[in-house]
Amino acid sequence: MKYVMSQILNRGISRESIGIKNPDEREVALPSIMEQIIMDKEVDVTKGIIHHKEGLDFMPCNIDLSGVDVSLVNAMSREFVLKTYVESMREFYDYILIDCMLSLGMITVNSLTASDSVLIPVQAAYLPVKELEQLIMRIIHSKSLFYWFILKVFDIQMVNSLFVYETVG
C-alpha cells in the first residue's frame, strides 16, 4: 500500500518527525500547487512529493499557506481547490492523509471537502470542545464524511469529560 501525507499547517510536527528540514526553501510545496490550481494552471501532481525511506511520501507545506488562505477568499469553487489536487493524486496512492488545524478557515474547509473521513483528537475538557463546537457540528451534519473523535485526557469521574463524551459521542 502506498501512502502520502500532506501537512496543511505550519507547526511542522509531522514534517519534522520524518526529518524534513527548511520547507520554506523548497521550490514546490502544497501552497504553490494550490495557487496553480486557483489560477487554473496545469499542475504536475508528482512534483514536490518527498519520498521517505519508510514508505511514506510527503507533500510539505510552508509559510506561503497564509497567502493561499487569502487567495481562496475570492477564488471560484474555493472549497474544492485541495480536492482537485487530492483527486489527481488518487491514482498514485491508496491512502492520502491530510494533517490540518481545526478551524473554520478556508484551508480547513478545503481539507474537509477533500476528505472521505475525518479523525479528530479532542481533549475531554469543556473549553476545547466549545471552541470546536461549530466545526464539530459541521462535520457531524455532513452527509458525505465518516468521522471519528478520539477523546484525549478522559476521566470518567470528571463532569467535563462526560459533557465532551455526550457532545461528540
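This is a predicted model: local features need pLDDT of at least 70, side-chain atom pairs count only at pLDDT 80 or more; totals for chains, interfaces and linings use all residues.
**Stop 1: helix H5**

Is Val109 buried or exposed? Its relative accessibility is 8%, and the residue therefore counts as buried, since the cut-off for that class is under 20%. Now extend the selection to the whole of helix H5, residues 106-113. Eight of its eight residues are buried, so the helix is largely enclosed by the rest of the structure. Going through H5 in order, the buried residues are Met106, Ile107, Thr108, Val109, Asn110, Ser111, Leu112 and Thr113.

**Stop 2: the whole protein**

Zoom out and display the entire chain. How many helices and strands does the protein have? There are seven helices and six strands. Along the sequence, they follow the pattern β-α-α-β-β-α-α-β-α-β-α-β-α. The protein comprises 169 residues, of which 40% count as buried.

Next, colour the chain by pLDDT. The average for the protein is 78, and 73% of the residues score at least 70. Which elements mark the two ends of the range of mean pLDDT? Helix H1, residues 13-17, has the lowest mean, 60, while helix H4, residues 81-89, has the highest, 94.

**Stop 3: helix H4 and Thr84**

Within helix H4, select Thr84. With a relative accessible area of 43%, Thr84 is partly exposed. A polar atom of the Thr84 side chain lies 2.9 Å from the backbone oxygen of Phe80. Then select Ile38 as well: 46 residues separate Ile38 from Thr84 along the chain, and their C-alpha atoms are 10.0 Å apart.

**Stop 4: helices H2 and H3**

Select helix H2, residues 30-38, together with H3. In general, two packed helices are described by the angle between their axes and the distance between the axes. For this pair, the axes come within 9 Å and cross at roughly 20°. Why is H2 described as roughly parallel to H3? The angle falls under 35 degrees, and this makes the two helices roughly parallel. The crossing of H2 and H3 is left-handed.

Keep H3 in view and pick out Ser66, which lies in that helix. At 48% relative accessibility, Ser66 counts as partly exposed. The side chain of Ser66 has a polar atom 3.2 Å from the backbone oxygen of Ile63. The C-alpha atom of Ser66 is also 8.6 Å from that of Pro31, a residue 35 positions away along the chain.

**Stop 5**

Move to Asn62, in the loop that joins strand S3 (56-59) to helix H3 (65-73). Is Asn62 buried or exposed? Asn62 is buried, as its relative accessible area is 4%. Its side chain places a polar atom 3.0 Å from the backbone nitrogen of Asp64.

**Stop 6: two loop residues with positive phi**

Select Asp40, in the loop between H2 and strand S2 (50-51). Its phi is near 60°, a positive value in a residue other than glycine. Asp40 is exposed, with a relative accessible area of 71%. Then select Ser77, which is placed in the loop between H3 and H4. The phi of Ser77 is near 50°, which is again positive in a residue other than glycine.

**Stop 7: cysteines**

Finish with Cys61 and Cys100. Cys61 is buried, with a relative accessible area of 0%, whereas Cys100 is partly exposed, at 22%. A disulfide is a covalent bond between the sulfur atoms of two cysteines. How many disulfides does the structure hold? The number is zero.

Definitions and conventions
Residues are numbered from 1 along each chain as its sequence is written. Side-chain values use heavy atoms; hydrogens and water are left out. Helices (H or I, at least four residues) and strands (E, at least two) are DSSP runs, numbered from the N terminus. Buried means under 20% relative accessible area, exposed over 50%, partly exposed in between (1.4 Å probe, protein chains only). A polar contact is a pair of N or O atoms within 3.5 Å; within protein, one must be able to donate a hydrogen and the other to accept it, and residues adjacent in sequence count only if both atoms are side-chain atoms. pLDDT is the predictor's confidence in each residue, from 0 to 100. A disulfide is a pair of cysteine sulfur atoms within 2.5 Å. Axes are lines fitted to C-alpha atoms, for helices over the stretch in contact, and angles run from 0 to 180 degrees between N-to-C directions. Angles under 35 degrees count as roughly parallel, over 145 as roughly antiparallel, 65 to 115 as roughly perpendicular and the rest as oblique. A crossing is left-handed if the near helix is turned anticlockwise from the far one by less than a right angle, and right-handed if clockwise.
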